[in-house]
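Subject: Structure handover

Hi,

Here is the structure for you to look through. My notes follow below it.

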Amino acid sequence: MTEMVRKVMLSRAVRTMQDLFPVEYNFYPRSWILPEEFPLFVAEVRMMKESDPSWKPTFIVKPDGGCQGDGIYLIKDPSDVRLAGSLQSRPAVVQEYICKPLLVDKLKFDIRLYVLLKSLEPLEIYIAKDGLSRFCTEPYQEPTLKNLHQVFMHLTNYSLNIHSGNFIHSDNVNTGSKRTFSSILCRLSSRGADVKKVWSDIISLVIKTIIALTPELKVYYQSDIPAGKPGPTCFQILGFDILLMKNLKPMLLEVNANPSMRIEHEQELSPGVFENVPSPVDEEVKVAVIRDTLRLVDPHKKKRKDTQSQTSEHVSETREDLLDAGPAGGPEYETSKNPEAALPSLCLKQVFPKYAKQFNYLRLVDRVAALFIRFLGVKGTTKLGPTGFRTFIRNCKLSNSNFSMASVDILYIDITRRWNSMGFDHKESVTFLAGMCLQAFVEAFFCLAQKKYKSLPLHEQVASLIDFCEYHLAALDEKRLLCGRGVVERRGAAVTCPTDGLEVTPALHAPLLNRTAAAGKLADCRSHRYPAAVSPGAGRD
């Protein structure tokens, strides 16, 4: 997870989704990865300036592994990027700077929201009902050459602004340099803003971002978690940093895999002498997030529920007796049987799968990742070798007279070599040489989709090719299932007991039983997607 939300990896994942669904993913600023895309950055900025001479952009450069505002700076022109030295060993992302943020008390601020990723398969996401609003400590002005370096005006990072003489520690969650997000929403509501829409847009942003991240996570998950282990085996609390624009549109700044859970801050009593002081705003938000995360992921909860359900009749009868006895006995009995009875209601709100129907159409790369994982072969690997790629092409019936297996090999080598060159150190380059990573496979898959379905938009091209591949793989699984059953039946007919002549039929092999789901999927494909058993995409080749 830490690797996936680094600035370069996050930008690549979101950019893939922006290629497929540009409107749905317009909440992430236009980004370029340095140093590999520096020439592209220069060319695109020049082209945009030529098409619109009035465009006066500002860009923000963020080191890939940076945190707490370390190494971030603003520029007005690509020539101002600090290419020498650190950028070669420490890549960065450069983004369009959001020049018109929403201001409160003339100050720029961002929002830290806590998101619980409870499960990958099935995907389960919760969002905390409150978050933190972290303020700059100098009144905001749109960036100019004179104020570009004023970090207390432009950067909202708490770890930076706490060193400002204007930083205000407050015991009130509605004031100071760090406040609750709910206090900001109340203030917006009093001005007539539609805060329900703001929350709805933020929930949409969070779900879409996690959908962009899950394909790669699933590849690593299957390589690390033992096969056949039931249920979710891990969870993660993420910190989403979001900026509200002047028109109340939320924009994603970054995602933190290890958000700070401190509920205190340091206060200087005398020069060089500090003490830790409780922070009411941190305590109000973070304690609830930790408490409710533990309640949701408690592995013993299901066992307790099963035990309680077995004694439900006894509990209901006893409750009636206790209610007759008055209020003194009731709560005591309830608390002893249900430890959560005395806890506040959950501050974490489930947003997925609750809103799955609205977002499932975006999960195309998830389905591409499932194909990638199927052909990985060796358990524990995250790279697809040339044999695995050729098997994918062959099993999905993607080679033909216009696209030979020699062309398949060339495609594999070209894309894998290009991703090889993106390794930022020797170790990473060696890792890439071991095979094709998921991102390279996705690029190859998009290329194949564009060759096969030329007249469609990219997301329809990709969806059509996924359907095509899933159809042929389901047919292959059904064929193997039927062949396997035939072999077992022949073996069963041939096996007899030498002592009394009784026939013995061996049990079906377990893997064959597991393929029944694939056969069902093929039936669904035929009956719903492709009437009269017409192969998908036959009319669009």
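Two strands count as paired if DSSP finds at least two bridges between them. Helices (H or I, at least four residues) and strands (E, at least two) are DSSP runs, numbered from the N terminus. With that in hand, Phe59 stands opposite Ile75 in strand 3.

This is a predicted model: local features need pLDDT of at least 70, side-chain atom pairs count only at pLDDT 80 or more, and totals for chains, interfaces and linings use all residues. Residues are numbered from 1 along each chain as its sequence is written, and side-chain values use heavy atoms, with hydrogens and water left out.

Overall picture

The protein chain has 20 helices and 14 strands. Of its 541 residues, 46% are buried. Buried means under 20% relative accessible area, exposed over 50%, and partly exposed in between (1.4 Å probe, protein chains only). Contact means heavy atoms within 4.5 Å. Take the contacts between residues at least 6 apart in sequence: 67% of them join residues at least 24 apart.

Strand 2 (residues 59–63) is joined to strand 4 (residues 92–96) by 5 bridges, and the two run antiparallel. Val61 has Val94 as its bridge partner in strand 4. Pro63 is partnered by Ala92 of strand 4. Strand 2 also pairs with strand 3, again in the antiparallel sense, over 3 bridges.

How many residues of strand 2 are buried? The count is 5 of its 5. Both faces are covered: Phe59, Val61 and Pro63 are buried on one side, Ile60 and Lys62 on the other.

Strand 10 and its partners

Strand 10 (residues 236–244) is mostly covered, with 8 of its 9 residues buried. Val115 has Leu238 of strand 10 as its bridge partner. Strand 11 (residues 250–256) pairs with strand 10 over 6 bridges, also in the antiparallel sense. Here Leu244 stands opposite Pro250 of strand 11. Strand 10 and strand 11 form a hairpin with 5 residues between them. In the turn, Leu248 has a positive phi of about 75°.

Helix 6 and helix 7

Helix 6 (residues 181–190) has Phe181, Ser183, Ile184, Leu185 and Leu188 buried. The elements covering these buried residues include strand 6, strand 10 and helix 7. Gly192 follows helix 6 and has a positive phi, near 95°.

Look also at Lys218, in helix 7 (residues 195–224). Is Lys218 buried or exposed? Lys218 counts as buried because its relative accessibility is 15%. Leaving aside neighbours within four places in sequence, Lys218 is in contact with Leu120, Glu121, Arg363, Asp366 and Ile373.

A helix pair

Two packed helices are described by the angle between their axes and the distance between the axes. Helix 14 (residues 386–395) and helix 15 (residues 405–421) pack at an angle of about 130°, with their axes 10 Å apart. They are therefore oblique to each other. The cut-offs: under 35 degrees is roughly parallel, over 145 roughly antiparallel, 65 to 115 roughly perpendicular, and the rest oblique.

Helix 14 contributes Pro386, Phe389, Arg390, Ile393 and Arg394 to the contact. Helix 15 contributes Met405, Val408, Asp409, Leu411 and Tyr412. The contact residues of this pair divide into 7 nonpolar, no polar and 3 charged. Ala, Val, Leu, Ile, Met, Phe, Trp, Tyr, Cys and Pro count as nonpolar, Asp, Glu, Lys and Arg as charged, and the others, Gly among them, as polar.

Best wishes

Methods:
Axes fitted to C-alpha atoms, helices over the stretch in contact; angles between N-to-C directions.
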